[in-house]
Amino acid sequence: MRIVFGPFILDLDTRQVTRGGLEIHLTTKAFDLLGVLALDRPKVLSKAVLQERLWPATFVSEANLSNLIAEIRHALGDSAQAPVYIRTAHGVGYAFCRDAVVIGPRDLAVGNGSCWLEWDGHRLPLAVGAHVIGRDPDVEIRVDQSTVSRRHARLVVTTEGALLEAFVSKNGTFLGSERVSAPVPLTDGDAIRVGSVQMTFHVRASVASEETQLL
């Protein structure tokens, strides 16, 4: 199982956390804690529950848990004062507070093929990694239109699939006719709208997929 949140992918099967294809190191217990919180999101888990899950039938100091939370926040670039991923429920425990998407075999759209965006005569190949869409000159996909925010949305491409994530914007991000409020997986031919700009996401099927369709 893979859980995608922000620019990160948490792979519970391979026990890896990656960002833009690069692995982020976590100790064994820190990885376990992140997995527990992500799977139970957005529920607050008490310190007693977390200690029992991480160290069953073993007494450990409460400081061990707070140290693991600090390790996770450091790895994700998170902050206790302004949490994006891990929230402290004071006097109770912790919660995973970021929207996330679980991706599985049906969402493995990219595979060994390639993907790209098309809009207004443009065709932009998408490499593995995060691609911000917006008017800012420094973003990966620049769309110089007044209805598009400086940092409007983000496409996250991995070897397993692609996701569309909306940032806060006046005119919104849409997949088809649905406004995007949480990361959503993309498939070939999906219509994307950022502001008033219409785009189409494409994936070239891998050779293995093409052979399967011919059988």
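Two strands are taken to pair if DSSP finds at least two bridges between them. Strand β15, residues 173-175, is joined to β16 by two bridges, and the two strands run antiparallel. Within this pair, phenylalanine 174 stands opposite arginine 179 in β16.

The mean pLDDT of the chain is 86, and 90% of its residues reach 70 or more. Two stretches call for caution. Over residues 105-113 the pLDDT is below 50, although this stretch has 22 contacts in the model beyond near neighbours in sequence. Over residues 207-215 the pLDDT is again below 50, and there the model shows one contact beyond near neighbours in sequence. Where pLDDT is low, the predicted coordinates should not be read in detail.

Next, the overall composition. The chain contains four helices and 19 strands. It has 215 residues, of which 42% count as buried. The accessible surface of the chain comes to about 11400 Å², and carbon and sulfur atoms account for 51% of that area. As for contacts between residues at least 6 apart in sequence, 46% of them join residues at least 24 apart.

The pair I opened with belongs to a wider arrangement.

Strand β1, residues 2-5, pairs with β2 in the antiparallel sense over four bridges. Isoleucine 3 stands opposite leucine 10 in β2. The hairpin formed by β1 and β2 has two residues between the strands, and in it glycine 6 takes a positive phi near 55°.

Strand β2 also pairs with strand β3, residues 16-19, again in the antiparallel sense and over four bridges. Here the bridge partner of aspartate 11 is glutamine 16 in β3. This second hairpin has four residues between its strands, and arginine 15 takes a positive phi near 55°.

Are the residues of β2 buried or exposed? Both faces of the strand, residues 8-11, are covered: Phe8 and Leu10 on one side, and Ile9 and Asp11 on the other, are all buried.

Side chains of opposite charge can pair when their charged atoms come close. The structure holds eight salt bridges, and I shall discuss three of them.

Aspartate 32 is partly exposed, with a relative accessible area of 23%. Arginine 15, at 40% relative accessibility, also counts as partly exposed.

In the next example, the side chains of glutamate 118 and arginine 123 meet in a salt bridge at 3.7 Å, N to O. Glutamate 118 has 29% relative accessibility and counts as partly exposed. Arginine 123 is partly exposed as well, at 48%.

The remaining example joins glutamate 165 and arginine 154, whose closest N and O atoms are 2.7 Å apart. Glutamate 165 lies in strand β14, residues 162-166, and arginine 154 in strand β13, residues 153-157, so the pair ties together parts that are eleven residues apart in sequence. Buried means under 20% relative accessible area. Glutamate 165, at 5%, therefore counts as buried, and so does arginine 154, at 11%. Salt bridges that share partners join Arg98, Arg154 and Glu165 into one network.

Lastly, a word on the surface. Met1, Leu39 and Val102 form a nonpolar patch there, with about 250 Å² of accessible area together. Valine 102 is found in strand β8, residues 101-103, and at 39% relative accessibility it counts as partly exposed.

That concludes my presentation. Thank you for your attention.

Note on methods. Residues are numbered from 1 along each chain as its sequence is written. This is a predicted model: local features need pLDDT of at least 70, side-chain atom pairs count only at pLDDT 80 or more; totals for chains, interfaces and linings use all residues. Side-chain values use heavy atoms; hydrogens and water are left out. pLDDT is the predictor's confidence in each residue, from 0 to 100. Contact means heavy atoms within 4.5 Å. Patches are made of residues with over 30% relative accessible area and no salt bridge: like charges are joined within 9 Å, nonpolar side chains (Val, Leu, Ile, Met, Phe, Trp, Tyr) within 5 Å. Accessible areas come from the Shrake-Rupley method with a 1.4 Å probe; for residues, only the protein chains shown count as cover. A salt bridge is a side-chain nitrogen of Lys or Arg within 4 Å of a carboxyl oxygen of Asp or Glu. Buried means under 20% relative accessible area, exposed over 50%, partly exposed in between (1.4 Å probe, protein chains only).
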